[in-house]
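Biologist: I am new to this structure and would like to go through it step by step. Could we begin with the terms and then turn to the chain, its spaces and a few residues?

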Amino acid sequence: AGVNPDDAKLTSELLVKSTLAGHHGHGIGMVRGIVNSIKKGETKPENEIIILKESPTTALVDANWSLAHVASTKCMNIAIEKAEKNNVGVVSYFNTPPTGRISDFVLLAPPHDMIGMMWVDGYAGVVPFGGADPIFNSSPIAVAIPNGEEDIFLMDFASSICSGGKVGLAREEGKLMPEGYIVDKDGNPTRDPSKNYGGILPLGGPAGYKGTALAMWVDMLGGILSGRGPAHFSDAPTRGSGVTMIVLKIDAFRPIEEFKAEGDTLMRATRDSRKAPGVKRIMVPGEIEWENERKQLMDGIKLSKKYWDNRIVVTAGEVGVNLEKLLE
């Protein structure tokens, strides 16, 4: 689609990594939306990010509609560089297409013995607790914290009951959503994302006011702080996403080996704690993704034919890629 090889490689690798982790809504199927956005002139892969305002510990960045995965990687690296010199780095940026799975960016911090955090705001698709009209984005929040012998603690989830990508995938494959995930245009519970679809419910079920609070937090930190504005602005589709990243250097607070050892202890204490009746296993955040990645690297990635055809085959044909020849 005209993207330079380095940026195409980075984006492709991160899409595959998301699929390996088991998150197909943010995985290789996103190539269809990315390519279409480039063809429409919405995403401009030739553009460079622009630092608008900067201090030793902070930066405000215009992502300039460059490729989202590339811009997010660059901004996280800026935050890491600032934290290396000044113990903390905070970068807020806007004018970026959908960022996909944000784990991939916070995971850049732990190899530097740092904690990476990220808040992302975008278009409105989530109703508030008790509401019928979408006000919030799915508003993902992520953090990656290094451990010693244990895997990195990885938390990455929407402040809604699920991501918009999962709803789109269910609609595309003709599947119903689980109970308590979505509402119709009048705010009534529904499972069908293809008929009279209204929006996603906030995280928390009967305590959905907590999910609403999280969404407002992301709206303020990712949307308003960056200058993108809150998700409900009427021209939101033209505003892209607003993101804030924070990186903390651990040894500014504690010796790194002590921190990692205590992190290992916490992970094991959680996993090995006494289980409720009928429960076979307690998992820690990120564990399922690490297991999915290891398993699929061994066994291969399994995709439905509809997903492959609709997302990959169609896109390849649109940009003149001979997929069958490549697969030989």
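This is a predicted model: local features need pLDDT of at least 70, side-chain atom pairs count only at pLDDT 80 or more; totals for chains, interfaces and linings use all residues.

Biologist: How many helices and strands does the secondary structure of the protein chain come to?

Modeller: Counting the runs defined above from the N terminus, the secondary structure of the protein chain comes to ten helices and ten strands.

Biologist: What radius of gyration does the protein chain have, and why does it agree with a compact globule?

Modeller: The C-alpha trace spans about 55 × 50 × 45 Å along its principal axes. A compact globule with 328 residues would have a radius of gyration near 20 Å, so the protein chain agrees with that expectation at 20 Å.

Biologist: What share of the contacts with a separation of 6 or more comes from residues 24 or more positions apart?

Modeller: A contact here means heavy atoms within 4.5 Å. One example is isoleucine 246 in strand 10 (residues 241-249), which touches, among others, Val88, Ile115 and Trp119. For the protein chain, among contacts with a separation of 6 or more, the share from residues 24 or more positions apart is 65%.

Biologist: Which helices each supply at least two residues of the lining of the second largest pocket?

Modeller: This pocket holds about 540 Å³ of space, and its lining has 24 residues, with Ala8, Ser12, Val31, Val35 and Thr315 nearest its centre. By type, the lining divides into 19 nonpolar, four polar and one charged. The helices that each supply at least two lining residues are helix 1 (5-20), helix 2 (30-39), helix 9 (305-318) and helix 10 (323-327).

Biologist: How do the residues of the lining of the largest cavity divide into nonpolar, polar and charged?

Modeller: The structure holds one cavity of 30 Å³ or more, and about 30 Å³ of space lies in the largest cavity. Its lining consists of Asp7, Pro45, Asn47, Glu48, Ser66, Leu67, Val70 and Lys74. Sorted by type, these residues divide into three nonpolar, two polar and three charged.

Biologist: Is asparagine 95 buried or exposed?

Modeller: Asparagine 95 has its place in strand 3, and its phi is positive, about 55°, although it is not a glycine. Most residues other than glycine have a negative phi. Because buried means under 20% relative accessible area, asparagine 95, with 18%, is buried.

Biologist: What is the phi of asparagine 87, and where is this residue found?

Modeller: Asparagine 87 is partly exposed, because its relative accessible area is 36%, a value between the limits of 20% and 50%. Its phi is near 75°, a positive value in a residue other than glycine, and the place where asparagine 87 is found is the loop between helix 3 (68-86) and strand 3 (88-96).

Biologist: How many Å apart in space are glutamate 258 and glycine 164, C-alpha to C-alpha?

Modeller: Glutamate 258 lies in helix 7 (residues 256-271) and counts as partly exposed at 42% relative accessibility. In sequence, glutamate 258 and glycine 164 are 94 residues apart, and in space their C-alpha distance is 39 Å.

Methods:
Residues are numbered from 1 along each chain as its sequence is written. Side-chain values use heavy atoms; hydrogens and water are left out. On a 1 Å grid over the protein atoms alone, a cavity is a set of points where a 1.4 Å probe fits but cannot get out, and a pocket is an open set with protein on both sides within 12 Å along at least five of seven lines; lining residues have an atom within 4 Å of a point. Grid points are joined across faces, edges and corners, and a volume is the space filled by probe spheres set on the points. Ala, Val, Leu, Ile, Met, Phe, Trp, Tyr, Cys and Pro count as nonpolar, Asp, Glu, Lys and Arg as charged, and the others, Gly among them, as polar. Helices (H or I, at least four residues) and strands (E, at least two) are DSSP runs, numbered from the N terminus. The radius of gyration is taken over C-alpha atoms; the globule rule is 2.2 Å times the number of residues to the power 0.38. Buried means under 20% relative accessible area, exposed over 50%, partly exposed in between (1.4 Å probe, protein chains only). Lists of a residue's contacts leave out its neighbours within four places in sequence.
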